[in-house]
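Me: I have a structure open and want to go through it. Can we take it piece by piece?

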Amino acid sequence: MTSAQLTDERIDAYMGRLDDALQKLRPSDREDILREIHAHIVESTAGASDRDAALDRVLRLLGTPEELASRYKAESLLTRASRSFSPWLILRTCWQWAKLGLKGTLAFFIAVFGYGFAAGATASIFLKPFLGSRIGWWSGPEGVGIIIPAHPERMHEWLGNYFVPVLAAAAFFFAVGTTQLLRWMMRKRQPGLVPVRETPAPWAR
Amino acid sequence: MNSNGDRGQNWEAQLRKGCLEMAILASLWHTRLYGLEILRCLSEKSDLDVAEGTLYPILSRLKSEGLLESEWVEAEAGHPRKYYWLTGAGRARAKDMATAWNEFAGKLAVLVQPVAGGTQR
């Protein structure tokens, strides 16, 4: 096998992995991305005296197919989610964003906590008619919060008849607050960078 | 590498991140360009070395936000090229960003001028 064939095979392998990693995108978007990345690789390596070395460089600058796909998916989801009020879409986006860095990870934890609390509060409102005196905002030896204590007689329930309205308000404000905070974080985000420099910045030497 | 070096690199990376979107939009102000040309333009005109893995997802997002439009063109060299250009909304965003940048950079330049010039107290 010639060197040119080996290089072409490496390009095909990269594109195959990228195709696999982009499966969750719309087919038209996926095809467009694949075509653009392929064209970029081919043009960047065409005419190079050492095509294999040129390919090494361009693949390094693109990142692994999985990393590149993650960036595309995150950018696509972040754009949609920053305009959306769907907690499910925002949560999914934060999960994808978390794979790209610290800020995304923070956003994911905020989403899990905020939506988790809102979901828990909502569930407790629906359970209240069935579990009556056992579900409430308790404090005592078994803990503090919305719990179903094993021994209610040893615990103190704080909200009484206000349980449902207070929890409904809390669920609403947590859901809306989490959504607005995450939408703001998504709009204010800055793109992640694939490192370019092989040498440190002048002041870092 | 010392911690000052780490912080310096981190600061530089943050600065580049913040400018990237504006730089991409600015590179398309006068003409339509394809990905490789945008990379060269950023590198040659602003010393902003952007990796391909950074640029293409951002171009895709700017397009989905309605700031860019694109078209595939069969080039003479045989490689198809996806050309990008600014939409009306993209031009407006680029102008807003450039105005904000000029105001900020102008004021900051006054502040850092003694530092850069090495003026002693």
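This is a predicted model: local features need pLDDT of at least 70, side-chain atom pairs count only at pLDDT 80 or more; totals for chains, interfaces and linings use all residues.

Me: How many bridges join S1(A) to S2(A), and do they run parallel or antiparallel?

Reply: Five bridges join strand S1 (residues 136-140) of chain A to S2(A), and the two run antiparallel. They form a hairpin, with two residues between the strands.

Me: Why does S2(A) lie largely in the open?

Reply: Strand S2 (residues 143-147) of chain A has five residues and the number buried is zero, so the strand lies largely in the open.

Me: Switching to chain B. What is the strand order in the open sheet there?

Reply: The order is S1-S3-S2, three strands with antiparallel pairing. Strand S1 (33-34) and strand S2 (68-74) of chain B are the edge strands, each pairing on one side only.

Me: And how many bridges join S2(B) to S3 of chain B?

Reply: Seven bridges join S2(B) to strand S3 (residues 80-86) of chain B, and these strands run antiparallel. Within that pairing, B:Leu68 is opposite B:Leu86 in S3(B).

Me: Now packing. Which residues have the most contacts inside the largest nonpolar core?

Reply: B:Leu25, B:Leu55 and B:Leu59 do, in a core of 33 residues.

Me: Which elements each supply at least two residues of this core?

Reply: From chain A, helix H1 (3-21), helix H2 (27-45), helix H3 (51-62) and helix H4 (65-81). From chain B, helix H1 (3-27), helix H2 (35-46), helix H3 (52-64) and S3.

Me: What is B:Leu59 in contact with, leaving aside neighbours within four places in sequence?

Reply: B:Gly35, B:Leu68 and B:Tyr84. B:Leu68 is also the residue opposite B:Leu86 in the sheet.

Me: Where are the domains of chain A?

Reply: Domain 1 covers 1-62 and domain 2 covers 85-196. The C-alpha centres of domain 1 of chain A and domain 2 of chain A are 43 Å apart.

Me: Last topic, confidence. What ipTM and pTM does the predictor give the complex?

Reply: An ipTM of 0.83 and a pTM of 0.72.

Me: Which elements of chain B have the lowest and the highest mean pLDDT?

Reply: H1(B) has the lowest, at 80, and S1(B) the highest, at 96. Chain B averages 87, with 89% of its residues scoring at least 70.

Conventions: Residues are numbered from 1 along each chain as its sequence is written. Chains are lettered from A and ligands numbered from 1 in the order in which they are written. Two strands pair if DSSP finds at least two bridges between them. Helices (H or I, at least four residues) and strands (E, at least two) are DSSP runs, numbered from the N terminus. A nonpolar core is a set of buried Ala, Val, Leu, Ile, Met, Phe, Trp, Tyr and Cys residues joined through C-beta atoms within 7 Å. A residue is buried if 20 or more other C-beta atoms lie within 10 Å of its own, exposed if 12 or fewer, and partly exposed in between; C-beta atoms are placed from the backbone. Two residues are in contact if their C-beta atoms, placed from the backbone, lie within 7 Å. pLDDT is the predictor's confidence in each residue, from 0 to 100. Domain bounds come from an automatic or database domain assignment.
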